[in-house]
Amino acid sequence: MAAPSSLSGVCALERTLNRLIAASSPSLKAKSQAEPLYVISLDRYGRDPNFDLYFPDSISMSESLFDATVTDGHCRVKVSLDPSLNKLIHRNQLRCGSALRNVVFSAGGEDSQAEGRTFNICSLEVDSSCGADAALCALSSQTVSSLPWLGSEPSSLPLRARRSTYLPLWNNHDFTGDMWRETPSEHGEDESEDEAVEADGRPIVSLAELRRCFLSGSRRPRGTLRVRILHKSRLMYYGKAEQSCECPYKAEMQVADGSLSACVVLWNTVCLEWYRCLQPGQVLKLSRYRVKESYSSRSGHNTEPNIEISLNSRNPTAIVSIIPKQHVSPEWSLPALPHNFQSGQELLSCPNSTVCDVIGVVVFVGRQERIRRKGTGSHPVMPYRGLRPIRQFLQWLKQVDEESMLDRAVIGGYFSYPPLPVSLQSFMDNREGEAGLISGREMKLQCDGLHYRERRRFAVQCTITAAVYHNREDSGRTRYSDPPSAQLSPRVPRQKESSDRFRTPTKRKLIFSTGTPSSARKRLAPPLQQASTEDNAENEFSLFDGAMEFLMGEEDDNDDDDDEDDNDPDDEDNGVFCIAPTSPLPCHLGLTRVAMETLPRSFCYERRHVQAAAVGMQTNSFHKLVPHRELESFSPAPCYTGYFTLTMKVDLIATATQLTNQRLVCVLEACALGGDKVELVLNRAFPLRS
């Protein structure tokens with residue numbers, strides 16, 4: 001599709017929006033023509049108190065709003081999306097790269113922040129028939145960033161809320177956009193003359209002295225602080241729909257000098273200026289700050305009162321500067337970073353909840369999932385390079401065969417940690433207030449509400465009616481083959497409750513075979529037909545052999561104790577994942593074969609950036625898009641040998657009597673992979689015994 005050099009030809013998108021521009025009624029709407037439109041950017045931001053002015057008829061309770069840039073291949077326009085479309089974005093049905101049809105536009109009016117006339121999209125249809133790479137294919141001959149804007153070039157700010165920056169598409173703890181500085185601004189390391197005179201005119205004051213003055217109620221001018229950063233928290237977005245703060249961010253740092261440690265809080269636009277620039281180990285000079293009682297003291301967590309230092313963008317405007325390393329004097333007696341590095345061998349004997357530091361080569365990175373976690377995780381810089389454990393590690397690294405190590409590195413794939421308990425009683429006791437067993441209907445409802453890459457764990461009572469093993473070489477066809485006798489994955493060792501948690505798992509053998517119906521073993525009925533036919537394409541879900549202990553026995557298992565009352569192959573509902581035996585309409589859930597995102601892939605250093613993008617979350621920008629099937633260009637990891645698909649019948653939970661008559665309690669991990677794809681992976685299964 002070739003774009004004209006200008007808009008003189010009036011493209012289809014322009015003709016549609018011209019009808020709104022020429023209309024006298026602001027309530028008029030215009031629908032796109034036959035040509036599809038393509039989403040080339042998608043940005044999220046928090047709503048503010050003006051939400052009702054922009055969307056008076058909306059009943060959405062979502063805290064998020066979205067702007068998008070759409071094109072027909074000839075011109076592009078930035079628009080806001082009606083909140084009723086949020087659910088499509090949450091499930092990744094509407095995403096950057098989508099093809100759209102029957103798009104209904106309305107006029108958004110004039111907006112001072114948007115610098116001109118704006119438009120809304122009220123409704124649309126995502127054309128899935130165009131394929132996952134619709135925009136990449138249609139715009140392959142275009143330089144999308146060079147397409148002309150319809151009207152003036154839009155502002156980089158959100159259209160329907162007074163916010164100073166966009167949020168990451170999938171979380172509130174990272175930053176996105178060019179407004180987040182990587183290096184200090186000029187006034188950071190070399191502040192203005194007036195500010196420098198004011199700051200230099202104040203004496204250096206210690207944190208201990210500052211604390212004494214504050215607690216005594218003294219109001220005398222405070223001096224300049226000279227401190228080292230010991231720790232930096234993740235960024236926190238605290239914006240609320242009822243708040244009008246344009247830059248609602250905060251971040252905390254633990255700092256110290258030779259006398260005391262204290263918390264420093266970066267507020268609002270100070271985060272934009274400094275959050276990316278400041279790292280643990282740096283020495284700062286701080287002036288024009290505010291002091292108040294620390295949060296830990298106010299909340300009663302600390303018996304001793306302490307102070308908290310706030311760096312604000314106004315009232316007063318904080319002055320921050322980084323002291324170059326070569327200018328840091330030993331006479332200042334600043335504390336070193338408090339590190340407690342543990343080797344891999346030492347970690348095995350660390351007590352539970354030990355806080356320590358680890359340095360090593362990353363050899364496995366799983367796929368990204370949306371699970372809340374605490375902690376900063378890693379350091380982008382290494383101010384601790386001179387420590388003995390670090391020197392030992394770097395020396396070891398020089399001796400390692402780099403090619404051999406890279407060959408063992410794995411990226412992507414499903415991974416669950418820590419391992420679940422090996423007994424049903426321990427598992428149920430450790431649910432920590434979560435629901436116990438739930439019905440199949442309830443699980444289906446909760447799975448329907450999952451957002452993109454969100455993972456939930458469910459415990460259900462069920463009966464397995466069929467199992468199929470898919471070996472590594474299977475190119476997409478379902479084949480019945482004997483699974484290899486394999487050592488269990490170390491992450492789910494079969495063990496007694498009191499056994500050594502780190503012992504090497506023993507070798508197992510399968511206690512069933514899926515080769516032919518006559519070879520079926522205990523507890524499992526053989527499948528009647530290939531499980532990947534069109535009729536039951538959604539009846540199964542996948543799992544790795546590492547989660548299969550319940551199908552594996554010790555090598556000395558007695559093979560002659562097969563149950564006489566196993567499921568008959570001719571039983572009704574065999575091969576169907578249904579809500580309950582009495583349900584007139586079975587409800588299917590899960591995927592017919594393992595998802596691309598679930599397989600571990602060998603790490604490819606030469607294409608590491610492409611591989612990271614293929615494994616990662618859906619991007620918000622067209623220039624970061626990779627083809628949907630790009631992930632398949634990377635070979636499965638050598639550790640991957642195959643997987644099972646199981647067909648289950650999940651029952652309603654009723655009475656204890658009914659529970660004791662069932663065979664298994666299965667712990668299932670559900671993950672929404674985008675669109676209507678919900679993957680179910682069996683994490684562990686507990687046999688129910690009478």
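The report below begins with the chain as a whole and then turns to a sheet, a helix, some single residues and the backbone.

## The chain as a whole

The model shown here is predicted, and every value in this report was computed from it. The chain contains 16 helices and 25 strands, and of its 690 residues 46% are buried. Its accessible surface comes to about 35500 Å², and carbon and sulfur atoms account for 49% of that surface. When contacts between residues at least 6 apart in sequence are considered, 74% of them join residues at least 24 apart.

## A sheet of three strands

Strands β15, β16 and β22 form an open sheet in the order β15-β16-β22, and the pairing in this sheet is mixed. The edges are taken by β15, residues 364-365, and β22, residues 601-602; each has a single partner strand, so one side of each is left without a neighbour in the sheet. In general, the strands of a sheet pair through backbone hydrogen bonds, and they may do so in a parallel or an antiparallel way. Here strand β16, residues 410-411, runs antiparallel to β22, and two bridges join them. V410 has S602 of β22 as its bridge partner.

## Helix α7 and what it packs against

Which residues of helix α7 are buried? In this helix, which covers residues 207-216, they are L207, A208, L210, R211 and C213. These buried residues pack against five strands, namely β7 (225-232), β9 (249-256), β10, β12 (290-293) and β13. After α7 comes G217, a residue with a positive phi near 85°.

H470 belongs to strand β18, which spans residues 455-471. With a relative accessible area of 0%, H470 falls under the 20% limit and therefore counts as buried. Its side chain is joined to that of T645 by a polar contact of 2.9 Å. The C-alpha atoms of H470 and R593 are separated by 8.8 Å, although these two residues are 123 residues apart along the chain.

Is R160 buried or exposed? Its relative accessibility is 1%, so R160 counts as buried. The side chain of R160 makes a polar contact of 2.8 Å with the side chain of T118. Leaving aside residues up to four places away in sequence, R160 touches several others, including Y45, D48, Y54, F55 and L65. Also among the residues that R160 touches are S80, G108, F119 and N120.

## Exposed residues and a nonpolar patch

E473 lies in the loop between β18 and β19 (509-510). At 57% relative accessibility, E473 is over the 50% limit and so counts as exposed. E473 and G642 are 169 residues apart in sequence, yet their C-alpha atoms are 8.2 Å apart in space.

Y417 is another exposed residue, with a relative accessible area of 55%, and its place is in the loop between β16 and α13. Together with V361, V363, F364, W396, L397 and F415, Y417 makes a nonpolar surface patch of about 610 Å².

| Feature | Where | Angle |
|---|---|---|
| Cis peptide bond | N315 to P316 | omega near -5° |
| Cis peptide bond | Y417 to P418 | omega about 0° |
| Positive phi, not a glycine | N268 | phi about 55° |
| Positive phi, not a glycine | S353 | phi near 70° |

P316 lies in the loop between β13 (307-311) and β14 (319-323), while P418 lies in the loop between β16 and α13 (424-429). N268 is found in the loop between β10 (261-267) and α8 (269-274). S353 sits in the loop between α10 (344-347) and β15, and at 63% relative accessibility S353 counts as exposed.

Methods: Residues are numbered from 1 along each chain as its sequence is written. This is a predicted model: local features need pLDDT of at least 70, side-chain atom pairs count only at pLDDT 80 or more; totals for chains, interfaces and linings use all residues. Side-chain values use heavy atoms; hydrogens and water are left out. Two strands pair if DSSP finds at least two bridges between them. Helices (H or I, at least four residues) and strands (E, at least two) are DSSP runs, numbered from the N terminus. Buried means under 20% relative accessible area, exposed over 50%, partly exposed in between (1.4 Å probe, protein chains only). A polar contact is a pair of N or O atoms within 3.5 Å; within protein, one must be able to donate a hydrogen and the other to accept it, and residues adjacent in sequence count only if both atoms are side-chain atoms. Patches are made of residues with over 30% relative accessible area and no salt bridge: like charges are joined within 9 Å, nonpolar side chains (Val, Leu, Ile, Met, Phe, Trp, Tyr) within 5 Å. Accessible areas come from the Shrake-Rupley method with a 1.4 Å probe; for residues, only the protein chains shown count as cover. A salt bridge is a side-chain nitrogen of Lys or Arg within 4 Å of a carboxyl oxygen of Asp or Glu. Contact means heavy atoms within 4.5 Å.
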